[in-house]
Amino acid sequence: MTAAVESQEPTAVPTQRPAARRARRPRRLGLGRILTLPGQMVSVIVLVVPLSVAFYMSFTDWSPTRGSLLDAAFVGLENYWELLVYDTRFIEAVIRTLALTVVCLSLEFTLGLGLAVLFLRKFRGKSLLFSVLLTPMMVLPVVVGYTFWMLFQSNGPINQIIAFLFGADATPEWFREAPFAMTAVIVTEVWHWTPLFFLILLSGLNAVPDNLTRAAVILGAKPRQVFWRVIFPVLKPVIMVALVIRSMEVIKLFDEVFMLTRGGPGTATETISLYIYKLAFADFQLAYGAAAAFLVLVGTLFLVSLLLTPVSEQLIKSRR
Amino acid sequence: MTAAPKLELRGLRKDFGGFTAVDSIDLEIEAGDTVALLGPSGCGKSTTLNMIVGLEEPTSGDILVDGRSVVGVPPQDRNIGLVFQDYAVFTHMSVRKNLSFGLEIRRRPRAEIGRAVDEVAELVGLSEVLDESPRVLSSSQLQRVGIGRTLIMKPSLLLLDEPLSNLETELRTAMRQQLRQLQLEYGQTLIYVTHDQIEAISLANKIAVMSMGAIRQFDSADRTYGQPAHTFVASFLGSPPMNLMEGELRREGRALCFANGSAAIALPQEVLPHGVEEGRDLVLGIRPESLQVAAGEAAMLEARVTLVEPMGPEKIATLRIGNWELKGLFAAGTRLVEGEFLSLTAQATQICLFDGASGVRLNPLRPEEPAWA
Amino acid sequence: MPARPLGVPLALVLATALVLTLFPIFWIVMTAIKPPTDWNAVPAIWVPAEPTLVNFKTLFDAEAIREYGVGGVSQSATAAVGGSILASVVATALSVLIGLLAAIGLSRYGNAGRATPLVILSARMFPPAAIAVPFVIIFSAINLIDTYVGLIAIYVAITLPFSTWMLKSFVDDVPREIEEAEMIDGRSRLMAHLTVTIPLIRGGLFSTTLFIFILNWSEFLFALVLSYSSINTIPVQLAKYVTAMAGTLYGVQAALAVVAMVPLVVFGFLIQKHLARGMTFGAIKR
């Protein structure tokens, strides 16, 4: 990286007198580069290097039982071919993760938006309730997973409530049947992250200038029209930011599922991350796992870039 | 076009908790008038505007448009237009969509909307940019979107909140002329809300000066300037504002004198209104430009010149008489020397007397005449 | 639109949201204070008749936990809590320090161009399970596996984008003119940053630190794959309890979950104002 090379010369900006500094103005870049250098180095060493290794590895048949990675046979696109054409477990995990993303995001968005709109009203205890409603997103994912694992036990409180409402016959074995296990994962995820949508959307709603809605009201818009014709379009970039950030997180979903179901029963709740984890750390198919990871990366990049174009504009604007 | 209305505020009051933002004001605005609601920020003018438009409900009092009360009527049914200070243009819609917003909400026929948009765009000079996004428009164009969007609804009364304050200085003059022009063509009752006296004077026929939730004077620009009805009006209008001096009346023989300690001004008899007795606390007001250099008998007061600031065609002198500090505005050729004493006079008609406690004017208002010429 | 008051139906909606939000937290806390006989009772006991802190004691007592020692869970949580504190504190300090330098660099000198947010977002897109693979390989080669140094290095790397962009958004809020005024007084640029900018973003620095701590404290996957016997963190320990077919360990597990959760909930409330900023890389400021 050029930054690293250039900033090696001792620029000594701190000790220069003002006049001297002015005369050598281009040097101003020096301090900026020195300041960003540690961050760049960390990123390069701890992210770029491993990713490059993984990328190389994904074209080999390497496994830790077979000696050094350098000696591993180069197999070209074989891993990728295998994944895309023959590995139904991988393809199912992809589809399952995408479906999970769509369902979770829709629910979280709808609930979060509904709550945020309610918070535009006046009522007592609003700031306290706001804090309390944010609590779930502050709980660590492993604990969330563990807590819901307890709640969904066959003799747990959720089944107790179901038995009370619909009779003892109606209580499911949450982790033994695929649709119920999936429901448990979705409920957990929605509980955990709806607050983030609520938070982001509420701050977005509060940022909509009052005068826009007042102008719409005076021009004759009913509350519903004010919301859909004025507030919602203004809110769109914020919505996009929330959707992109959350969809990236759901695609990576691991901790909660690991604690709740381990992907079970069978592979019924296995997400991509969980599958890759099992490939690499249970089956030691590291090269194959790396190939799967890169496929996921490309797919995610593609999906997110669809949503991202308007967002990056927003990100840049807010940085000015 | 609907008949031009008369807006009437009767004992209009608004409390926020324990704070009275608007304190029982009365105001009558004749049909076709252009009126400026002028006052510093926090004087209650925005609250008044919000109540007229319907964004706030009054605590008590009534608002009548054409003699009919609109209190309790939702904003969209009052037929009153408001142009916001920040224009509140919908940036996610094209100019055309902004203009047609009100009519589309009301589900008017497409053809009618199209015609109305073209007409209004022509009127406010936006025909060229109808399909642009507001993001690329200048601030004066944005303002015209705000105005056009409101005019298309054919409001019977149009309110503009600080219409010039967000414009660059060069644009202000142009916009002022355009607003004037628009008013001539449109011929409707307009109310400007502003904190800028220049804006008020240049845009409106009549000015309602507000402070602390009350209307201090509602009159022509000339009279509010020349014959302020309240010390607040005197101190708010003009730059530099009217000199206000606290003191009391003394009678020395036949001569009348306004004094505070050692400082004194000899007053002509006709300044004194009926029923004002000696010893009462008063405030005397003289505009800086009303002070004239005089000699001998004609002199009303003697002041020491403490500072002279040349301002091109004029000079501003800071003058001291006892505890009073006055400003005087003189022609550039006037001989003024810092540290020297100066004999000054002013015409009786240009001297104002206010009650010391309430700030209300004591000498009666004269009929319309240019107070400074 | 003037703010309207809340009607009764909507108040009920909010009350429901409140109950649903708090119920899981209520349950975990209640389980943590249940005596062992109540842990797995049928029907489940909601509020223990005799609340106790015995689970918390058991958690940190190797002897006591061995008594329950089903399926190989014989470790007390002491090492896990210590490991979590060590890794989180050091990694947070480093991440914030490096991020602060980078934030000043980017805000004051950088042309962090159009692409930068995209680059960061795409780095976040890569499934951690996949990044973990090469880490394990490289760390094995240089003996960093199963060490806190290795774990901390990864934590710094994965939280650095958050600390950099969150801090940059705070630095951006400080007008340059203030630094420039200081430089006219004869200070160098670097001194101006240190003595003017940093004190001015104190609040932001505090919030960022807590936010990064939350991220590090919550991390699970890397700790899971990098820890064998020498290092441990709370999330890993919690997962081990679950692995151990530990139906019998409910109360102790819940106690550990509460220990893990309490600092984060407290920190989260403290930085509530800046959570949106942190979660969105500074894109949403309030």
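In this model, helix α4 of chain C passes helix α7 of chain C in a right-handed crossing. Handedness here is defined by the near helix: turned clockwise from the far one by less than a right angle it is right-handed, anticlockwise left-handed. Helices and strands are DSSP runs numbered from the N terminus, H or I of at least four residues for helices and E of at least two for strands.

Before going on, some bookkeeping. The model is predicted, so local features need pLDDT of at least 70 and side-chain atom pairs count only at pLDDT 80 or more, while totals for chains, interfaces and linings use all residues. Residues are numbered from 1 along each chain as its sequence is written, and chains are lettered from A and ligands numbered from 1 in the order in which they are written.

Back to chain C. The axes of α4(C), residues 78-108, and α7(C), residues 148-172, come within 6 Å and cross at roughly 40°. Axes are lines fitted to C-alpha atoms, for helices over the stretch in contact, and angles run from 0 to 180 degrees between N-to-C directions. The two helices are therefore oblique to each other. Angles under 35 degrees count as roughly parallel, over 145 as roughly antiparallel, 65 to 115 as roughly perpendicular, and the rest as oblique.

Next, chain A. Its secondary structure is 14 helices and zero strands. Of its 320 residues, 45% count as buried, meaning that 20 or more other C-beta atoms lie within 10 Å of the residue's own; 12 or fewer is exposed, in between is partly exposed, and C-beta atoms are placed from the backbone.

How many residues does each of chains A and C bring to their contact? Chain A brings 92 and chain C brings 91, where contact means C-beta atoms, placed from the backbone, within 7 Å. On the chain A side, helix α3, residues 28-57, gives the most, with 17 residues. By class, that side has 66 nonpolar, 20 polar and six charged residues. Nonpolar covers Ala, Val, Leu, Ile, Met, Phe, Trp, Tyr, Cys and Pro; charged covers Asp, Glu, Lys and Arg; the others, Gly among them, are polar.

One helix pair between these chains is α13(A), residues 272-281, with α6(C), residues 128-141: they pack at about 20° with axes 8 Å apart. They are therefore roughly parallel. A:Ser273, A:Ile276, A:Tyr277 and A:Ala280 meet C:Ala129, C:Ala130 and C:Val133 there.

Chain B is next. Its contact with chain A takes 16 residues of chain B and 14 of chain A. Helix α2(B), residues 95-105, gives the most on the chain B side, with three residues.

Within chain B, six strands form an open sheet of mixed pairing, in the order β6-β7-β8-β3-β9-β10; strands pair if DSSP finds at least two bridges between them. Strands β6 and β10 stand at the edges, each with a single partner strand, so one side of each has no neighbour in the sheet. Neighbouring strands are turned by 20° against each other on average, direction ignored. Six bridges join β9(B), residues 206-211, to β10(B), and the two run antiparallel. B:Ala208 has B:Phe218 as its bridge partner in β10(B).

Elsewhere in chain B, β14, residues 281-286, pairs with β20, residues 351-355, in the antiparallel sense over five bridges. B:Leu282 stands opposite B:Asp355 of β20(B). Four of the five residues of β20(B) are buried.

Terms used. Contact = placed C-beta atoms within 7 Å.
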